[in-house]
Amino acid sequence: MNQPIQWPPSLWAAVSSPGAGWPSLEGPTDADVVVIGAGFTGLSTALHLARQGVSVAVVEAAEPGWGASGRNNGQVIPSLSRPDPDDIVARHGAAGERFVQLLSDSASMLFDLVRAEGIEAEAEQTGWIQPVHTPGRMRIAERRVRQWSARGAPVELLSRDEVRERLGSDAWHGGWWNRTGGHVNPLALARGLAEAAQRAGARVYARSPVTGFERRGDRWVARTARGEVGARGLVLATNAYTAEFSAGLAPAIAREIVPVRSWQMATRPIDEAARRTIIPGREAVSDTHGELYFMRFDARHRLITGGALVNPSNGAERLRPYIGERLRRLFPQLGEVRFDYVWNGYLAMTRDYFPRMHRLGPDAFAWAGCNGRAVGLSIALGRELARAVTGTPEDDLALAFTEPTPLPLHALARRLAPLMLLVYRHRDGREIAG
């Protein structure tokens, strides 16, 4: 795969430094650990290993950040999308408690890593706000503040007046926030992580899709069309793109997630007068709609938002008026809304919104199922996967391992998944029960 990589028409691809030139994998090589996938998880894993002096090779199908890591909105959110701390602990026990603490720390871990490595990723640790779109959903905010506060997270309930002041909109009825969240340029972060991992001693190979991996004696071997890496340990970090280049890479994991197309959009730069009232603190914002309302400013004062479609055909042109009208409704002071960039990528959904973490064999691990909340989590999981593959006992890891559980009729589930948007819209228009 030596032809040039085609990048999505995203704001991030347009403004981010191209990064280093990464070679393709040619012929056999060896490492102590092979990491498959150069997104946030794979690169964080490699960086944490290389810092310890571990020989690590990262093998990427395209280039660092080409997949979901470089296409998302860039919001750094220290929580899952649906399961709350008590839900996680009820399912996973002590491992769940450790995972909740990792999740609570995940945003700070990302921003601390960016600062420590000097990565130019437009990082702004301004906090994350989740406003509620009906009065009854204040119970969601209250529950989350109660549960996260009990575990030491810096969270706070916000009244309707406080949300109005912070966001510059009357559309919401209150909410809550976590001051450790924020936002980044995700593609710049991915490329910066790759360069940091290389500086620490990791090898990063690009344009080298792994077609499969297997156990040979006491070693793992990851194969590409033109080479292979033999290693003691292995980390699979491909998430929503697990089957994108090779259906046989990890079929059980690929079939336990449903890749769902997520659209991102960047407005033209917003004038200073409007910026004084619209999210003046520059927090990241994503609310309680199932058809999510989300937005944040970037370094060039564009509002970065997005949406979803049942049918992706001609999606960019159909979304421009739809999301433009949404922004005008939320923020009348914007006036006319125009978008300079519209792009999309896949996120990995699971049926219950829980991420999946797996042992693949001796010294081999994987995770999948971001459910739209993996920017901070992926960085944190990279640290834990590095600990796991270097022998940290399971009882000391913030990883709740399960066996892969492929969805029955997976191909049908993937085709029907966009129809869930209709369900979300129906639920969004109803008040929740007491």
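How many helices and strands does the secondary structure of the protein chain come to? I looked this up before anything else. The chain has twelve helices and 18 strands. I took helices (H or I, at least four residues) and strands (E, at least two) as DSSP runs, numbered from the N terminus.

A note on the source. I am working with a predicted model, where local features need pLDDT of at least 70, side-chain atom pairs count only at pLDDT 80 or more, and totals for chains, interfaces and linings use all residues. Residues are numbered from 1 along each chain as its sequence is written, and side-chain values use heavy atoms, with hydrogens and water left out.

**Whole chain**

Along the principal axes, the C-alpha atoms fill a box of roughly 65 × 45 × 45 Å.

Next I looked at burial. Buried means under 20% relative accessible area, exposed over 50%, and partly exposed in between (1.4 Å probe, protein chains only). Buried residues make up 59% of the 434.

Then I looked at contacts, meaning heavy atoms within 4.5 Å. Among those between residues at least 6 apart in sequence, 76% join residues at least 24 apart.

**Helix α4**

I moved to α4, residues 138–149. This helix has twelve residues and reaches 16 Å from its first C-alpha to its last. That is close to the 16 Å expected at 1.5 Å a residue. The expected span is 1.5 Å times one less than the number of residues. Which residues of α4 are buried? I noted Met138, Ile140, Ala141, Arg144, Val145, Gln147 and Trp148. Their cover includes helix α3 (85–117) and the strands β4 (128–131), β5 (155–158) and β6 (175–178).

**Valine 33**

I found valine 33 in strand β1, residues 27–36. At 0% relative accessibility, valine 33 counts as buried. Leaving aside neighbours within four places in sequence, I listed its contacts, among them Leu49, Val54, Ala231, Leu234 and Val389. Valine 33 and leucine 49 are 16 residues apart in sequence and 8.5 Å apart in space, C-alpha to C-alpha.

**Glutamate 291 and arginine 326**

Glutamate 291 sits in the loop between β13 and β14. Its relative accessible area is 8%, so I count glutamate 291 as buried. Arginine 326 is in helix α9, residues 315–330. At 3% relative accessibility, arginine 326 is buried. Where do they meet other residues? Not counting residues up to four places away in sequence, glutamate 291 touches Ala308, Tyr322, Arg326, Leu421, Tyr424, Arg425 and Asp428. Arginine 326, leaving aside neighbours within four places, is in contact with Glu291, Leu292, Tyr293 and Gly306.

**Positive phi**

Most residues other than glycine have a negative phi. I noted two residues with a positive value. Phi of arginine 282 is near 60°. Arginine 282 lies in the loop between α8 (272–275) and β13 (284–286). Is arginine 282 buried or exposed? With a relative accessible area of 18%, arginine 282 is buried. Phi of histidine 301 is near 70°. Histidine 301 lies in the loop between β14 (294–297) and β15 (303–307). At 29% relative accessibility, I count histidine 301 as partly exposed.
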